[in-house]
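Colleague: I would like to learn how to read a protein model feature by feature. Could you walk me through one?

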Amino acid sequence: MEAVALNPGRLVAAAVIGLVLLLVLIIKFKVQAMVAILIGAIAIGLLAGMPYEQIVTAVNDGIGNTLKGIALLVGLGSMFGAILEVSGGAQTLAVTMVKRFGDQKAAWALGITGLVIAMPVFFDAGLIILIPLAFSLAKRTKRSSLFYAIPLLAGLAVGHAFIPPTPGPILVANMLNVDLGWVIGIGIFCGIFAMIVAGPVWGSICGKKYMVPVPEHVANQADMDESKLPGFWTIVGIILIPLVLIILDSVAGVVPAMESLRPILGFLGEPFVALLIATVVAMVILGVKHGYTMPELEKIMTKSLEPTGLILLVTACGGVLRYMLQYSGLGDIIGQAVSSANLPIVVVAALVRICVGSATVAMTMAAGIIAAMPEIAGLSPLYLACTTAAVAGGATVCSHFNDSGFWLVKSLVGMDEKTTLKTWTIMETLVGGTGFLVALIISFF
């Protein structure tokens with residue numbers, strides 16, 4: 001659908017009022033995010049003077065097109081992560097890496113582990129699974145728990161923000177129409193630097209500055225029977241299945257020698273197919289062969305789907321906002337302003353970061369504005385992948401009171417609000433800022 005011709009001044013005012021309304025509803029009145037975003041999006045359409053039929057069309061297109069790209073991935077990723085959790089696979093990866101790195105370099109091991117685990121497992125689940133290991137190390141070395149918890153949190157945050165198949169970057173990539181292979185490559189590159197700066201480096205500073213003791217009730221859960229855990233390379237192999245298939249699909253598109261394999265790799269590298277394969281392999285190797293019956297696995301996998309409904313609906317409503325802005329013609333206005341100001345679109349991606357508490361919603365809102373810009377269609381896959389990473393970085397910074405992750409970290413680690421702001425919030429800002437800067441540098445090439 002083409003954008004309607006609306007008065008630019010009225011359109012900009014409508015967008016500002018609608019976005020402010022959204023933020024006030026979420027932050028001030030604690031309105032549920034899905035409802036707040038819908039109200040904000042519809043308010044933009046009404047205030048801008050869009051025809052009623054077009055407002056309805058924008059809502060329907062936003063819901064349908066957004067869910068079309070991520071619904072299966074979120075569901076499959078949730079089930080895959082649940083199997084990884086109950087089998088002890090996540091613990092295997094963490095324990096093995098810590099052993100190989102040693103206590104002194106365990107912070108690095110935890111950062112890398114968090115980064116890998118956060119790709120198939122939601123941030124909250126990954127944190128709950130792995131935080132006992134950080135507490136165990138802190139108790140054994142008599143250090144502040146932040147020395148190990150911050151690197152773990154940084155790794156989880158990086159994997160959650162930058163690297164598919166986690167939902168945020170997949171959603172942005174779909175909006176900007178960029179191949180996931182490029183997004184994975186750039187995301188890993190940006191994520192490694194972000195994890196180092198926000199993880200071991202910042203964690204060491206926090207660990208020396210703030211003595212946060214290990215919560216006794218959590219530390220007691222850190223002991224695990226390592227003899228019953230699955231093998232390290234088994235877990236690594238299963239986690240790599242979707243990533244390798246997606247990357248092979250992208251490589252086949254640019255390597256002439258792989259031309260004959262493009263149809264089959266194109267099918268296997270389709271994200272939902274790749275993740276489905278990994279989930280089935282996990283069901284067999286980590287489930288059935290690990291002693292679980294199919295009825296037990298069915299219950300585990302069904303239970304894991306309970307939080308996905310909210311995630312999908314909130315994200316879909318973020319897509320509604322994107323389509324409302326696009327159909328109203330705001331993208332054309334922003335595009336003209338960016339062109340006249342001669343600003344790189346990657347910079348704009350960071351500037352439009354919206355503090356709504358949810359990184360995925362913030363990514364959706366920022367990507368929606370950028371995707372509506374006409375010049376997006378002519379950009380290279382590399383630049384679009386950098387833009388995706390920049391959006392992810394911008395949507396990660398400044399986690400505070402309106403972010404559920406803020407309260408989860410505060411509660412699990414045992415910090416007060418002030419200390420959480422000085423440690424976790426700065427860590428999230430370092431993750432997003434570093435990832436953005438690396439993406440910006442790459443985008444110049």
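Modeller: Happy to; we will go from the overall fold to single residues, keeping in mind that this is a predicted model.

Colleague: Let's start with the whole protein. How many helices and strands does the protein have?

Modeller: The protein has 21 helices and zero strands. Buried residues make up 56% of its 445 residues. The accessible surface comes to about 18,200 Å², and 68% of that belongs to carbon and sulfur atoms.

Colleague: And what do the contacts say about residues at least 24 apart?

Modeller: Take the contacts between residues at least 6 apart in sequence: 81% of them join residues at least 24 apart. Alanine 14 gives you a case to look at. Setting aside neighbours within four places in sequence, alanine 14 is in contact with Ile44, Leu47 and Ala48.

Colleague: Is alanine 14 buried or exposed?

Modeller: Its relative accessible area is 1%, so alanine 14 is buried. The cut-off for buried is under 20%.

Colleague: Let's stay with helix 1. Which residues form the nonpolar patch on the surface?

Modeller: Val12, Val16, Val20, Val24 and Phe29 form it, with about 410 Å² of accessible area together. Valine 24 is in helix 1, which covers residues 8-28. With a relative accessibility of 34%, valine 24 counts as partly exposed.

Colleague: Now charges. How should I read a salt bridge?

Modeller: The general idea is that side chains of opposite charge can pair when their charged atoms come close. Here the count comes to two salt bridges. In one, the side chains of glutamate 259 and arginine 262 meet, with an N to O distance of 4.0 Å. In the other, glutamate 306 pairs with lysine 303, and their closest N and O atoms are 3.4 Å apart.

Colleague: How exposed are glutamate 259 and arginine 262?

Modeller: Glutamate 259 is partly exposed, at 47% relative accessible area. Arginine 262 is partly exposed too, at 39%.

Colleague: What about aromatic rings?

Modeller: A pair of aromatic rings is described by the distance of the centres and the angle of the planes. The whole structure holds four aromatic pairs. One of them joins phenylalanine 147 and tyrosine 148: the ring centres are 5.1 Å apart and the planes lie at 70 degrees, so this pair is edge-to-face. Both phenylalanine 147 and tyrosine 148 are buried.

Colleague: Which residue has its charged end over the ring of phenylalanine 147?

Modeller: That is arginine 143, whose charged end sits 4.1 Å from the ring centre. Likewise, the charged end of arginine 100 sits over the ring of phenylalanine 232, 4.9 Å from its centre.

Colleague: Backbone angles next, please. What makes a phi value worth a second look?

Modeller: Most residues other than glycine have a negative phi. Lysine 30, which is not a glycine, has a positive phi of about 55 degrees. This lysine 30 is in the loop between helix 1 and helix 2 (33-48), and at 61% relative accessibility it counts as exposed. Asparagine 177 also has a positive phi, near 60 degrees. Its place is the loop between helix 8 (167-176) and helix 9 (180-209). Asparagine 177 counts as exposed, at 68% relative accessibility.

Colleague: Could we finish with the surroundings of two residues? What does threonine 388 touch, not counting residues up to four places away?

Modeller: Threonine 388 touches Pro169, Val172, Ala173, Leu176, Val178 and Val183. Threonine 388 lies in helix 19 (residues 381-394) and counts as buried, at 1% relative accessibility.

Colleague: And where is glycine 414 found?

Modeller: Glycine 414 is in the loop between helix 20 (404-413) and helix 21 (417-443). At 49% relative accessibility, glycine 414 counts as partly exposed, since the cut-off for exposed is over 50%. Its C-alpha is 8.0 Å from that of proline 213, a residue 201 places away in sequence. Leaving out neighbours within four places in sequence, glycine 414 is in contact with Val212 and Val409.

Note on methods
Residues numbered from 1 in each chain as written. Predicted model: local features only at pLDDT ≥ 70, side-chain atom pairs only at ≥ 80, totals over all residues. Heavy atoms only, no water. Patch = residues over 30% accessible without salt bridge, like charges linked within 9 Å, V, L, I, M, F, W, Y side chains within 5 Å. Areas by Shrake-Rupley, 256 points an atom, 1.4 Å probe, with all protein chains shown as cover. Helix = DSSP H or I, 4+ residues; strand = E, 2+ residues; numbered from the N terminus. Buried < 20%, exposed > 50% of the residue type's maximum accessible area, 1.4 Å probe, protein only. Contact = heavy atoms within 4.5 Å. Phe/Tyr/Trp six-rings, centres within 6.5 Å; stacked < 30°, edge-to-face > 60°. Lys NZ or Arg CZ within 6 Å of the ring centre and 35° of its normal.
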